[in-house]
Amino acid sequence: QISTHQPLLQSAGLQGKVALIEKHLLGGDCLNVGCVPSKALIRCARAVKEMKNAEEFGIEIEGKANVNFGRIMERMRRLRAKIAPADSAKRYTGLGVNVFQGHARFTSKNTVEVNGKRLKFAKCIIATGARAFVPPIPGLKEVPYLTNSSLFNLTELPEVFGVIGSGPIGVEMAQCFARFGSKVVLFDLMEKILPREDPDAASIIQSALEEDGVEFRFKSMISKVDYDTESKKITMTFTQDGGSAQTITLDQLLVSAGRAPNVEELDLEKAGVEYKTKGFRGLVVKDTLQTTNPKIYGVGDVCLPYQFTHMADASAKIAFRNSMFPVVSEKVSKLIIPWCTYTSPEISHVGAYEKELDEKDIKYEVWIASLEHNDRAILEGDNDGFVKLISKAGTDTILGATIVAENAGDMISEVSVAMQAGMGLKALSTVIHPYPTQADAIRIAAGGFNKTRLTPGTKRLLKTIISLRN
């Protein structure tokens, strides 16, 4: 709860005296109720899809392939347990870290109390993360709804599965449960899914979910949620696009309407740490991740808009170096952070979006390579996607990229490396990829920049040179 894994290991390695305080389970949301269990379910859902499409690949299955949801969840728990030792108390104590299991509260600007014991610190890192935001819908608090914290405790596949929110968690799990066999209905105030993502990319993902059977109720205003204790059914009343009231009966309801930073019940006021609960919520931190208390730093979901495990890890390293070596003064705004939504196909992104550049009045050019013409994507049957690169107008400087592909999360790293190393489109277009690979679409997209540099004068010169050689 207080501190985070990477800096505490670094401190312990430097013979520093380190305390890790955790209120719940070591490993946090990612290991226990986030990235790890969700990706285990996503892999099983992909297997279901592959079975259904087996005939396309010349594979004939006799009889019916049944989805055993209990076995799917058992596999998830088994694999999660296999990964868990990396974040165990045993590992940390073995490395010299003092592990405290309990709720931490600040008692002053340099002390924190846990389980009745007061600890004095020279530096402290707050990495309390975030939790699912629950919208103020009448009756919702009285309903046994699910969030990411409880979803993975399910033992039976719901016949009708409702989802509130069309962000990454909502669409990933909607597609999963639809593939498992649930009737999935997704509700959102917006008129499309993944509103923060590239519109062209989001459109492809939405079509993929519709193909898997997900039903959308866009522009929905939920007015009431009820629960019948006898039938154990959830009834939702809503209007769509200002129309008349409708009702739907659900077996389970997943709330995935955003995240709320965990800043409550820490007594941050006693530590002199400022935080906000409205607008952009969370700890108030400088670009160096230092809070309003010079001894305390914030990292990850509790203070940053990019709520990803890899962002928490990267920010923790910055906070550690800045807290130990103030002259370093590294800035979190300098990080190049890619991310991915693990639908099928996946959608990944790094850098700026076109709409952000438009808002800042920054001129840019766009280079696109469709997977429709990528040989590997065609052979895999996964050619509904693209690579989009954005460069500063008139230059080959990469400002951002979006990829839609089955393995987009792996592919985006090539662009991230290029941006990190200051490589432009010219250099990226010369990278040789094994044939055939979907990643070669990155080279093709970057190559579009070179074609535009061929001016009419240059063309005439080349034609002259070729004619003289002939």
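# Close-up views of a predicted model

**View 1. Val350 and its partner across the strands.** In strand E23, Ala401 is the bridge partner of Val350. Strand E20 (residues 346–351) and strand E23 (residues 398–405) pair in the antiparallel sense over six bridges. Two strands pair if DSSP finds at least two bridges between them. Helices (H or I, at least four residues) and strands (E, at least two) are DSSP runs, numbered from the N terminus.

This is a predicted model: local features need pLDDT of at least 70, side-chain atom pairs count only at pLDDT 80 or more, and totals for chains, interfaces and linings use all residues. Residues are numbered from 1 along each chain as its sequence is written, and side-chain values use heavy atoms, with hydrogens and water left out.

**View 2. The open sheet.** Five strands line up in the order E19-E20-E23-E22-E21, with antiparallel pairing. Strand E19 (339–341) and strand E21 (364–370) stand at the edges with a single partner strand each, so one side of each is left without a neighbour in the sheet.

**View 3. The Arg179–Asp212 salt bridge.** The side chains of Arg179 and Asp212 meet at 3.1 Å, N to O. A salt bridge is a side-chain nitrogen of Lys or Arg within 4 Å of a carboxyl oxygen of Asp or Glu. Arg179 lies in helix H7 (residues 168–180), and Asp212 in the loop between helix H8 (199–211) and strand E10 (215–217), so the pair ties together parts that are 33 residues apart in sequence. Arg179 is buried at 7% relative accessibility. Asp212 is buried too, at 12%. Buried means under 20% relative accessible area, exposed over 50%, partly exposed in between (1.4 Å probe, protein chains only).

**View 4. The Glu191–Lys219 salt bridge.** The closest N and O atoms of Glu191 and Lys219 are 3.5 Å apart. Glu191 sits in the loop between strand E9 (183–187) and H8, and Lys219 in the loop between E10 and strand E11 (220–228), so the pair ties together parts that are 28 residues apart in sequence. Glu191 is exposed, at 55%. Lys219 is partly exposed, at 35%.

View 5. Glu380 and Arg376 form a salt bridge, with their closest N and O atoms 2.9 Å apart. Both residues lie in helix H12 (residues 375–380), four residues apart, about one turn of the helix. Glu380 is partly exposed at 34% relative accessibility. Arg376 is partly exposed at 31%.
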